Amino acid sequence: MLGLFSLSTIPNNNAIKPVNSQSLVSTSATATKPRNLRVKMSSDTLPPPPEKGIVVGCGGASVDFLAAVATYPKPDDKIRTTNLKVQGGGNAGNALTCAARLGLKPRLISKIADDTQGRDILDEFVADGVDTSFLVVSEQGNSPFTYVIVDHQTKTRTCIHTAGNPPMVPDDLSRENLLSALDGARIAYFDGRLPETALVIAQEAAHKSIPILIDAERKREGLDDLLKLADYLICSEKFPKAWTEAPSLPSALVSILLRLPNINFVIVTLGEDGCIMLERSVNESSGTEEIDVDVLLESLKQQQKDESTSPTCISSSVTRLGAKGIGTLCGRLFLGTAEKIPPSELIDTTGAGDAFIGAVIYAICVDMPAEQMLPFAAHVAAANCRALGARTGLPYRTDPRLAPFLQQSSQVITSLAK
């Protein structure tokens with residue numbers, strides 16, 4: 001998935017800055033002035049990792065062959081790389097590596113081959129603390145791999161993927177291993193690949209009341225069956241309208257929550273334009289006013305402040321959201337911005353969306369409020385964009401740039417517990 005970042009010519013001290021304000025916007029006819037919320041940090045000591053931090057992920061794990069070039073080649077061109085890196089990849093592999101570095105305990109279910117690439121994949125996961133006990137290793141065939149061309153001129157990347165062989169099937173995962181993988185899990189995550197195996201795992205997770213998060217890049221075989229079991233959905237910019245055929249992105253998000261009644265929230269990532277999140281509310285009052293969701297989004301955009309280089313989040317109050325010809329529901333709409341990365345610091349967007357998802361998984365595990373979760377995930381994605389490859393720039397839990405978010409999250413949870 002394309003991650004959250006943006007270009008800026010504003011000087012930067014090369015450090016991710018903490019969120020300095022978050023606004024709550026009233027959406028009533030007599031809108032009130034937005035309130036800025038500030039959280040004061042009282043300690044320089046990071047809270048311990050969450051006790052219930054086991055994450056089960058199912059999806060792609062591969063090797064990326066990254067070639068950085070000054071500009072994308074024309075047909076029949078011969079050019080030289082400016083940089084080269086061979087590194088682990090795959091959406092699920094990247095997201096779980098991010099989760100591990102943030103302090104969670106991920107377990108990956110996927111399939112590789114017993115070849116040089118497969119052994120490199122395993123070694124990287126072990127080094128990052130990802131549990132590979134449930135990875136299936138085929139004696140024959142090939143592990144998945146991707147050629148990635150990183151264009152410095154356009155700040156884009158082009159991926160050419162070769163699938164692993166033989167593909168994973170449900171029989172590759174025994175019933176005993178399935179139950180063992182899900183034991184004690186706080187959340188289950190699926191990147192939409194390995195659909196038959198993923199559905200078996202998701203059905204068992206739902207039976208055990210384990211929340212499910214789905215990454216929807218595009219329409220895929222078997223994805224609809226997974227979505228019916230999902231509690232959380234993160235998708236690319238094009239997916240909502242393609243899946244719902246709604247006329248606008250906001251109305252497509254309303255349609256998704258109406259079609260999938262189990263979904264708590266849906267997030268659509270917009271690259272340098274940040275993200276939009278629609279959260280379902282179960283606390284609907286009879287006096288709640290209805291507002292068109294497209295109008296509400298425009299209202300939030302007008303409230304947004306452009307001068308901040310750090311990610312911010314602004315939200316509506318709980319209200320009835322309507323989409324013409326689709327329906328209404330009660331919820332909150334959030335608009336998150338991306339970090340404005342100076343062009344000199346933006347190296348590679350490969351895996352930025354996976355980093356965002358890994359951060360959201362962490363946020364769910366620690367009950368981080370949405371107003372804090374979206375800037376936090378954008379910070380993690382932006383950090384990843386400052387290095388070549390999907391994992392090189394993934395921050396560790398001890399990274400001082402993340403300390404304000406981890407401390408704030410701990411303080412919010414402690415406050416709620418009192």
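Trainee: How does the lining of the second largest pocket divide by class?

Mentor: The lining of the second largest pocket comprises eleven nonpolar, one polar and six charged residues. Please keep in mind that this is a predicted model.

Trainee: How much space lies in the second largest pocket, and which residues are the closest to its centre?

Mentor: The space in the second largest pocket is about 390 Å³. Its lining consists of 18 residues, and those closest to the centre are Glu279, Asp367, Met368, Pro369 and Ala370.

Trainee: Which residues of helix 9 and helix 10 meet?

Mentor: Helix 9 contributes Ala352, Ala355, Phe356, Ala359, Val360, Tyr362 and Ala363. Facing them in helix 10 are Met373, Leu374, Phe376, Ala377, Ala378, Val380, Ala381 and Asn384. By class, this contact of helix 9 with helix 10 has 14 nonpolar residues, one polar residue and no charged residues.

Trainee: At roughly what angle do the axes of helix 1 and helix 9 cross?

Mentor: The axes of helix 1 (residues 91-101) and helix 9 cross at roughly 50° and come within 8 Å. Helix 1 is therefore oblique to helix 9. The crossing of these two helices is right-handed. On the side of helix 1, the contact is made by Asn91, Asn94, Ala95, Cys98 and Ala99, and on the side of helix 9 by Asp354, Ala355, Ile357, Gly358 and Ala359. Six nonpolar, three polar and one charged residue make up this contact of helix 1 with helix 9.

Trainee: Why are helix 7 and helix 8 described as oblique to each other?

Mentor: One begins with the angle. The axes of helix 7 (residues 249-259) and helix 8 (residues 293-303) cross at roughly 125° and come within 8 Å. Angles over 145 degrees count as roughly antiparallel and those from 65 to 115 as roughly perpendicular. Helix 7 and helix 8 are therefore oblique to each other. Their crossing is right-handed. The contact involves Pro250, Ser251 and Val254 of helix 7, together with Val293, Asp294 and Leu297 of helix 8. By class, the residues of this contact of helix 7 with helix 8 are four nonpolar, one polar and one charged.

Trainee: How many cavities of 30 Å³ or more are counted, and which residues line the largest cavity?

Mentor: The count comes to one cavity of 30 Å³ or more. The volume of the largest cavity is about 30 Å³. Its lining is formed by Val150, Lys155, Thr156, Arg157, Leu346, Ile347, Asp348 and Thr349. Sorted by class, the lining of the largest cavity has three nonpolar, two polar and three charged residues.

Trainee: Let us turn to the backbone. Is the peptide bond from Asn165 to Pro166 cis or trans?

Mentor: The bond from Asn165 to Pro166 is cis, and its omega is near 0°. Pro166 belongs to the loop between strand 11 (156-162) and helix 3 (175-182).

Trainee: Is phi of Ser209 positive or negative, and where is Ser209 found?

Mentor: Phi of Ser209 is near 60°, which is a positive value in a residue other than glycine. Ser209 is located in the loop between helix 4 (195-207) and strand 13 (212-216).

How values were computed
Residues are numbered from 1 along each chain as its sequence is written. This is a predicted model: local features need pLDDT of at least 70, side-chain atom pairs count only at pLDDT 80 or more; totals for chains, interfaces and linings use all residues. Side-chain values use heavy atoms; hydrogens and water are left out. Axes are lines fitted to C-alpha atoms, for helices over the stretch in contact, and angles run from 0 to 180 degrees between N-to-C directions. Helices (H or I, at least four residues) and strands (E, at least two) are DSSP runs, numbered from the N terminus. Angles under 35 degrees count as roughly parallel, over 145 as roughly antiparallel, 65 to 115 as roughly perpendicular and the rest as oblique. A crossing is left-handed if the near helix is turned anticlockwise from the far one by less than a right angle, and right-handed if clockwise. Contact means heavy atoms within 4.5 Å. Ala, Val, Leu, Ile, Met, Phe, Trp, Tyr, Cys and Pro count as nonpolar, Asp, Glu, Lys and Arg as charged, and the others, Gly among them, as polar. On a 1 Å grid over the protein atoms alone, a cavity is a set of points where a 1.4 Å probe fits but cannot get out, and a pocket is an open set with protein on both sides within 12 Å along at least five of seven lines; lining residues have an atom within 4 Å of a point. Grid points are joined across faces, edges and corners, and a volume is the space filled by probe spheres set on the points.
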